[in-house]
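Subject: Structure for you to look through

Hello,

I am passing on the structure we spoke about, and below it you will find my notes on what turned up. Please read them with the model open beside you.

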Amino acid sequence: MSAICRCARFSRVSTLKTNWMQVMTFGCNAHPLQRRTPDVLRRVRNATHLSDVTMASVGKSTFARLMQSACRDWELVAEPVSKWQNIESGTSKGTDASPQSTVSNLLQMMYQDPERWSYTFQTYSCMSRLRTQLQPPPARLLRSEGTPVQVYERSIYSDRYIFALNMFELGCINSTEWAVYQDWHSLLVEQFGHQVELEGIIYLRAPPKRCMERLRCRGRAEETGVKLEYLDKLHVQHERWLVEKSTELHFEKLKRIPVLELDASEEFQSDPEVQEEFIRKMKNFFKAL
Ligand SMILES: Nc1ncnc2c1ncn2[C@@H]1O[C@H](COP(=O)(O)OP(=O)(O)O)[C@@H](O)[C@H]1O
Ligand SMILES: Nc1nc2c(ncn2[C@H]2C[C@H](O)[C@@H](COP(=O)(O)O)O2)c(=O)[nH]1
């Protein structure tokens, strides 16, 4: 790492959301804007997936509000779900036809016909996560005198090691698609290097049944057909990766990344004591990175 990079160290965090887990990762970033500041910037991404991880509904957005109200230097970068729901394509059929535009809901297509659309969905979700991870931090964080942290809801790693892997194991992505996905994913990680590395992961852990209750409570139309078994599978993927450490990972730094586990089954939304405990744990975690 160059001297310039050293004096402008960034931490990136991403959250993974799978069934109800969220992950944040931190990493060192060498974005040009970041090089101009001597501050230590911590970026957090939450995935969690996973929220996803998605099944989602572990409470990422709720957690994000808590984080941001706790500290001005902490920012959670949301996942572009609305982009997945509104993909605009221009169509121009024949010379006389005036150009028309169609809007597709890829999230809905993926849930309605996962065998047909999962690979397409993972290419688009991964691309949108990569784009998010490559964005420079906002000026407010760059100017901060404190220890800024950016947390991403999910990362390109939860895309691969939670969702895409899960879809492959469910048979919704075939072995050819899986090989192609892994090939370009590894190339992207290698090419973008430090810009996509994470320094830590925050795992918002909750039982799939609790996530299912929250998912129903949220009432997103595309998710009406989501079954508890699907959330169970996402939960297992999170546990394998973040707790049992049995998922086969392909990136050295990711194998050694620190993980902060928070019990998201608690009603942290309305309990100030639980909120304070979360904040204390996060502060200690960020400090130790
Ligand atoms: N800790 C919590 N306790 C109780 N309800 C929660 C909690 N976290 C989230 N919820 C509720 O669950 C639903 C989904 O939460 P949300 O934060 O939107 O999930 P996500 O962003 O992970 O998809 C919302 O209706 C929210 O009010
Ligand atoms: N198949 C995939 N589904 C995904 C992925 N990322 C998110 N999702 C789903 C999960 C939810 O239904 C919705 C948004 O989730 P939140 O938990 O963030 O609200 O999208 C993915 O990579 N693959």
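Before the residues are named, one term is needed: a cavity is a set of grid points where a 1.4 Å probe fits but cannot get out, and a residue counts as lining when one of its atoms lies within 4 Å of such a point. Please also keep in mind that this is a predicted model.

With that term in hand, a search of the whole structure finds one cavity of 30 Å³ or more, and the largest cavity holds about 50 Å³ of space. Its lining is made up of V77, A78, E79, P80, S128, R129, T132, Y152, E153 and R154. Helix α6, which spans residues 114–134, supplies the largest share of that lining, with three residues. Sorted by class, the residues around the largest cavity are four nonpolar, two polar and four charged.

The largest pocket, for its part, has a volume of about 370 Å³. Its lining consists of 17 residues, and those nearest the centre of the pocket are S57, G59, T62, R214 and Q269. Two or more lining residues come from each of the elements α3 (60–70) and α10 (208–218), and α10 is the element that gives the most, with five residues. In terms of class, the lining of the largest pocket has nine charged residues, together with five polar and three nonpolar ones.

Finally, here is the chain as a whole. The protein chain has 13 helices and 10 strands, and 53% of its 289 residues count as buried. Among contacts in the protein chain with a separation of 6 or more, 79% are between residues 24 or more positions apart. The accessible surface of the protein chain is about 13300 Å², and carbon and sulfur atoms account for 51% of that surface.

Best wishes

Key: Residues numbered from 1 in each chain as written. Chains lettered and ligands numbered in written order. Predicted model: local features only at pLDDT ≥ 70, side-chain atom pairs only at ≥ 80, totals over all residues. Heavy atoms only, no water. Helix = DSSP H or I, 4+ residues; strand = E, 2+ residues; numbered from the N terminus. Buried < 20%, exposed > 50% of the residue type's maximum accessible area, 1.4 Å probe, protein only. Contact = heavy atoms within 4.5 Å. Areas by Shrake-Rupley, 256 points an atom, 1.4 Å probe, with all protein chains shown as cover. 1 Å grid on protein atoms, 1.4 Å probe; cavity = no way out; pocket = protein on both sides within 12 Å on 5 of 7 lines; lining within 4 Å. Points joined across faces, edges and corners; volume = space filled by probe spheres on them. Nonpolar A, V, L, I, M, F, W, Y, C, P; charged D, E, K, R; others polar.
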